[in-house]
Protein chains: 2
Amino acid sequence: MGNQKLYKGSLQTIILRLLEENDKMYGYEITQKVKELTKGELEITEGALYPALHKLEADGLLDVEVAKVGNRLRKYYKLTEQGTKETVNRLEEMKEFLKTMEILVNPKFSLE
Amino acid sequence: MGNQKLYKGSLQTIILRLLEENDKMYGYEITQKVKELTKGELEITEGALYPALHKLEADGLLDVEVAKVGNRLRKYYKLTEQGTKETVNRLEEMKEFLKTMEILVNPKFSLE
DNA sequence: TTTTATACCTAAGATTATTATGCATAAGAT
DNA sequence: ATCTTATGCATAATAATCTTAGGTATAAAA
């Protein structure tokens, strides 16, 4: 991912979330989509992306389908049934995390 | 920290933020404060906390002051001048991160 | 024709956390 | 009186996740 360590741990959730919306995507497409959505704030590096995709596949959350486009190959990933369920959980955790961090970061919590 | 990997990378910022509000705190106090503020959602483990405090100190962001309370010792940490400045940056980054993650996680972003 | 974009991949190293210890004092419970 | 829990510090082995730095190859643009 980019340079900020804050994103550490959130890559899998980001991938799952994108696949929840987009049905099937290939690696490079994911990096571009994230870059676009975040207006360049987050640039997923390939060294982080591909191992993450392989892990999600190994864990049974993603299925792969290889396609030949011209003379190049693409590996399309999509959510498995289990992956669809797990995505709901991961997003729940993410939202809880974001809420908690807002509390910690927002000013003037010390009154209580 | 607790069990969720999402918090990975945010511990230093959390510590700096607490010290921005509380002037000086000791390790155990930090764990309890975080637990209280997050209603138990986040439990900072000692194995994460103490190395993080030592790192912040080594980086010149924190100063230490040892105090004897009864027969036990406490190590109070407070922000250095540099630490105060850096806290502003870290919080800025954190807010940017949270905003970005909201975009990625929130439903129906794919319209654009 | 050289650079940039597309498209996949892995390996060494760094960072940061978890888990499991260790030591020690103080307070509360049986 | 004694055992457990809370307070308070710390480190070391392991795991997970990322950065950095490579590698291969096709296609498009400069």
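Trainee: What percentage of the contacts in chain A with a separation of 6 or more comes from residues 24 or more positions apart?
Mentor: This is a predicted model, in which local features need pLDDT of at least 70 and side-chain atom pairs count only at pLDDT 80 or more, while totals for chains, interfaces and linings use all residues. Residues are numbered from 1 along each chain as its sequence is written, chains are lettered from A and ligands numbered from 1 in the order in which they are written, and side-chain values use heavy atoms, with hydrogens and water left out. Taking a contact as heavy atoms within 4.5 Å, the share in chain A that falls to residues 24 or more positions apart is 50%.

Trainee: Which pattern does chain A follow along the sequence?
Mentor: Helices (H or I, at least four residues) and strands (E, at least two) are DSSP runs numbered from the N terminus. On that basis chain A has four helices and three strands, and reading along its sequence gives α-β-α-α-β-β-α.

Trainee: What distance does H4(B) reach from its first C-alpha to its last?
Mentor: The expected span of a helix is 1.5 Å times one less than its number of residues. H4(B) has 25 residues, and its reach is close to the expected value, at 36 Å.

Trainee: Tyr7(A) and Phe97(B) form an aromatic pair; what is the distance from centre to centre?
Mentor: Rings of Phe, Tyr and Trp (its six-membered ring) pair if their centres lie within 6.5 Å, with planes under 30 degrees apart counted as stacked, over 60 as edge-to-face and the rest as tilted; the structure holds five such pairs over all chains. The planes of Tyr7(A) and Phe97(B) stand at 90°, which is edge-to-face, and the centres lie apart by 4.8 Å.

Trainee: Why does this pair join two chains, and which element holds Phe97(B)?
Mentor: Both Tyr7(A) and Phe97(B) are buried, where buried means under 20% relative accessible area, exposed over 50% and partly exposed in between (1.4 Å probe, protein chains only). The pair joins two chains because Tyr7(A) lies in the segment before H1 (11–22) of chain A, whereas Phe97(B) lies in chain B, in helix H4.

Trainee: Which ring does the charged end of Lys24(A) sit over?
Mentor: A charge sits over a ring if NZ of Lys or CZ of Arg is within 6 Å of the ring centre and within 35 degrees of the ring normal. In chain B, Lys24(B) lies over the face of Tyr76(B) at 4.6 Å from the ring centre. The charged end of Lys24(A) is 4.7 Å from the centre of the ring of Tyr76(A).
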